[in-house]
Amino acid sequence: MIGDANGLARQDTGNDTAAVAALAIAGAASPLLSGYQPHDSLFSSSHQQWHARGLLAPLTRAIDDDLAGAAERLLAQTALEHGRLPLLGAVPFDRGQGACLWLPSQAVFAAGRARHRGAALSAVPGNERPRPAIESVPAPAQFKRNVERSLAQIRDGGLRKVVMSRSLRIGARVDVPQLLSQLLARAPSAYTFAMDLAAVQGAPACLIGSSPELLLAKRGARIVSNPLAGSIPRVADPDEDARRARGLLESAKDLHEHALVVEAVAASLAPYCRELQVPATPSLLATPTMWHLSTRVDGVLKDPATSSLRLALALHPTPAVCGAPTQLARDAIRELEGYDRGLFTGLVGWCDADGDGEWAVTIRCALVEEQQATVFAGAGIVAGSEPEAELTETSAKLGTMLGAMGLAHAVEAGEGEA
């Protein structure tokens, strides 16, 4: 059953999760996080939020094993037997890997974004902060070589774009509720999420992040997708920051990269829509660390019953996280990156029994485990990309999570050029 901001609807299922006390959810004037506890899950956008606890039923099949159909059947059956619980969680980058989706035993829906609790962490000088062990995979020098090899494949023809990514494995315990509060305070307009994976995966882990990119949202017959591609790091000086933003709007390289993504999104959505509006030129979207080229694509579905998850999976992976053509880009990623992305650059969000829902691209995120956290960032490589600039871009993107963790010094202090 679904609750609202005045209380939690509860479904007794006969298992331990059903015995959990009701979530203390306050109204819109108070922070939702007043009721957040470790091992809860949350997804918050600028206008609505879910707060969930417990496990009623997992869904772990792969995209290519009719994940969308299985989700629709599970939601319909659950609505009949238990009430209208949402399906939430994350789907990996690799379409052949199993999803981490589940129906919670308790869930609260509220209008408005989740709000952070307490004040932001005070700044501590970098030389006074602990320096945890850090492993960069791939190492910065190897990442630049990966960019060079990607550019060689682009020059050879066929491949037009590929996204190269890297990760930082940080040997530190991370307080998930505190990190979630920090993310909400730093980027209130982002798609902020904390998905507890323990019940589905069998080991303690939380996928947490603050994504600026909407893959697909649906309400009734109306859908929205907001792809981002083409970006530049922000700087503290306002004049230089404004100059960078103007330059991004005029960059032939970045406009080309962005157009590849928008074309792919429109082509994937067109078969489902009777109306589709695609702006001719992108606009700017700002996050605390980056400027992005952004295009909002609006559509009206032929069949309003088509689920948001089915539509999101039809889009995934867009060239914003993979490349173009898709299969050639996947092959290059598999050959060059040197690690398994897992849930990074997949999708994260929720879907209800009506098919309504929101799915963000899983970027600006971390996988938090008991004794370590892994953060991720990628950059789109097209003709004209420069290895050093792409490395700088990934470092800036890593700053979203590292800053919220109080570890912004980690990139400078812990990364070598091996």
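In what follows, Ala, Val, Leu, Ile, Met, Phe, Trp, Tyr, Cys and Pro count as nonpolar, Asp, Glu, Lys and Arg as charged, and the others, Gly among them, as polar. The model is predicted: local features need pLDDT of at least 70, side-chain atom pairs count only at pLDDT 80 or more, and totals for chains, interfaces and linings use all residues. Residues are numbered from 1 along each chain as its sequence is written, and side-chain values use heavy atoms, with hydrogens and water left out.

By class, the lining of the largest pocket has 17 nonpolar, 13 polar and nine charged residues.

One cavity of 30 Å³ or more was found in the whole structure. The largest cavity contains about 240 Å³ of space and is lined by 24 residues, with Ala320, Ile363, Arg364, Gly378 and Lys397 nearest its centre. Two or more lining residues come from each of β8 (161-171), β13 (228-233), β22 (373-381) and α9. Strand β22 gives the most, with five residues. The lining of the largest cavity divides into 10 nonpolar, seven polar and seven charged residues.

Helix α9 also takes part in helix packing. The axes of α3 (residues 176-186) and α9 (residues 387-405) come within 9 Å and cross at roughly 120 degrees, where axes are lines fitted to C-alpha atoms, for helices over the stretch in contact, and angles run from 0 to 180 degrees between N-to-C directions. This angle makes α3 oblique to α9; angles under 35 degrees count as roughly parallel, over 145 as roughly antiparallel, 65 to 115 as roughly perpendicular and the rest as oblique. The contact (heavy atoms within 4.5 Å) involves Leu179, Gln182, Leu183 and Arg186 of α3 and Thr400, Met401, Gly403, Ala404 and Met405 of α9. Five of these residues are nonpolar, three polar and one charged.

Helix α2 (residues 140-155) likewise has an axis that comes within 9 Å of that of α9, crossing at roughly 125 degrees. Helices α2 and α9 are therefore oblique to each other. On the side of α2, the contact is made by Pro140, Phe143, Lys144, Val147, Glu148 and Leu151, and on the side of α9 by Pro387, Glu388, Glu390, Leu391 and Thr394. This contact comprises six nonpolar, one polar and four charged residues.

Helices α1 (residues 67-81) and α7 (residues 308-315) pack at an angle of about 170 degrees, with axes 9 Å apart. They are therefore roughly antiparallel to each other. Leu67, Ala68, Gly69, Ala71 and Glu72 of α1 meet Leu309, Arg310 and Leu313 of α7.

How values were computed: Helices (H or I, at least four residues) and strands (E, at least two) are DSSP runs, numbered from the N terminus. On a 1 Å grid over the protein atoms alone, a cavity is a set of points where a 1.4 Å probe fits but cannot get out, and a pocket is an open set with protein on both sides within 12 Å along at least five of seven lines; lining residues have an atom within 4 Å of a point. Grid points are joined across faces, edges and corners, and a volume is the space filled by probe spheres set on the points.
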